[in-house]
Amino acid sequence: MTVKIEREGWLQMFRQMRRPNGFLQSFFTIKPGGIYNGKKVAIDIQRFGEDVALVVKQGTGPRLNDADIFTTKEFEPPAYGEAVPFDVNDLLDRMAGTDPYTAAYQDYAGALLAYFMNGFGLIDDKIVRGVELQASQILQTGTLDLTDESGDTLYTLDFAPKATHFPTAGTAWDQAGSTKLADLESLAEVIRADGKLNPDLLIMGSAAMREFLKDEGVRNALDNRRMELGEIDPRMVDSGATLYGRIWIGAYAFQIWTYPDTYTDPQSGTPTKYVSDGNVIMLSSRTRLDRTSARVPLPLGPDPRVASLLPGRVSSREAGIDVTPNVYCTPNGKQIMGELESRTLLIPVQIDGFGTLDTGL
């Protein structure tokens, strides 16, 4: 008797995912001493005004100045920790993307390695998004309020920004009589006066951009013919943001960006934009914004029995985030845990060098 075995077709696996781009955190860069050992990082800050020299009465000598006034600020970073557990009995089941016929002959070690490579990529993306949320909060509020999955605040930090750097438009931008260009020029003057630099970047929420482009005065001022792409900072390439164009507002020349990227809100489960729809972030390409990381202690290194499962390179290192990978297993080797930890903090050292306009939308 002949038994006929029918084979089924098997389509290539589909994986839907979007890698984080990190546009907002790209403005925060690592400076010397930014990656360190210990709990806290400190920085000395000096701020001087724009005083002028005054005339003195001849023969009385010069006026005295103190050039050594400074303040020291300390910061302790938040902790991020994500893990992927694995039970070796799961190797008896078919892995995603492997058809039943191949799975029957797949090497266990190869399947385990593939699982952890995928797992480390997923949790690394989560850490990058966590740091992007820091940048989002800092640039739009000047504070941090980081919560757990239940919505309980686990980490807060107030960088003490001036309220004048986070104004609300006197007339909402979707109302007749709104003064969009004047609103932005007013904020630019505040940043110039307090931060001692000229702002040149606008990052608009989608609603703010929509109303901005409706304004006749804006349309007259906007000059898309001056899209000098060669001058764009390389860190903004493939950043998930879109350069719309350039515009002069008063004495200030701005690049206009939009940034539609989202993250999944851990409490509601809904997509949430990093830049609120009605907000306009304003800063300078020269604003001092720091990225810092306290190294996670792991003096013994990973478990040598499963060290081969560690990724050769973790993508968040490319994003400028210092992460520590670890992998270990139970004594009987049946359960394995892969972890990524990071203690990264973004610091707006030049707190007066940026601001956000709430357009009332």
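The model is predicted: local features need pLDDT of at least 70, side-chain atom pairs count only at pLDDT 80 or more, and totals for chains, interfaces and linings use all residues. Residues are numbered from 1 along each chain as its sequence is written, and side-chain values use heavy atoms, with hydrogens and water left out.

**Aromatic pairs**

Select Phe-116 and Phe-120, both in helix 2 (residues 108-141) and 4 residues apart, about one turn of the helix. Helices (H or I, at least four residues) and strands (E, at least two) are DSSP runs, numbered from the N terminus. Phe-116 is buried at 0% relative accessible area, and Phe-120 is buried at 3%. Buried means under 20% relative accessible area, exposed over 50%, and partly exposed in between (1.4 Å probe, protein chains only).

The ring centres of Phe-116 and Phe-120 are 6.2 Å apart with planes at 40°, so this pair is tilted. Rings of Phe, Tyr and Trp (its six-membered ring) pair if their centres lie within 6.5 Å; planes under 30 degrees apart count as stacked, over 60 as edge-to-face and the rest as tilted. The structure holds 13 aromatic pairs. Tyr-115 is partly exposed, at 27% relative accessibility.

Next select Phe-23, Phe-27, Trp-257, Tyr-259, Tyr-263 and Tyr-274, which ring pairs link into a cluster.

**Cores**

Go to Ile-203. Leaving aside neighbours within four places in sequence, its contacts (heavy atoms within 4.5 Å) include Phe-23, Phe-27, Trp-257 and Tyr-259, as well as Leu-24 and Val-280. Ile-203, Leu-24 and Ile-336 touch the most other members of the largest nonpolar core, which has 54 residues. A nonpolar core is a set of buried Ala, Val, Leu, Ile, Met, Phe, Trp, Tyr and Cys residues joined through side-chain atoms within 4.5 Å. Helix 2 supplies the largest share of this core, 10 residues. A second, separate core has 22 residues, including Trp-173, Phe-212, Ile-256 and Val-280.

**Strands**

Show strand 9 and strand 10, which pair in the antiparallel sense over 7 bridges. Two strands pair if DSSP finds at least two bridges between them. Ile-249 has Tyr-252 of strand 10 as its bridge partner. The hairpin has 2 residues between the strands, and Gly-250 there takes a positive phi near 60°.

Now find the open sheet of 3 strands in the order 1-14-17, with mixed pairing. Strand 1 (35-36) and strand 17 (344-347) stand at the edges with a single partner strand each, so one side of each has no neighbour in the sheet. Strand 1 pairs with strand 14 (residues 290-294) in the parallel sense over 2 bridges; Ile-35 has Ser-293 as its bridge partner in strand 14.

**Last stop**

Select Asp-145, in strand 5 (residues 143-147). Asp-145 is partly exposed, with a relative accessible area of 40%. Its side chain makes a polar contact with the side chain of Thr-153 at 2.8 Å. A polar contact is a pair of N or O atoms within 3.5 Å; within protein, one must be able to donate a hydrogen and the other to accept it, and residues adjacent in sequence count only if both atoms are side-chain atoms. Tyr-155 is 10 residues from Asp-145 in sequence and 5.9 Å away, C-alpha to C-alpha.
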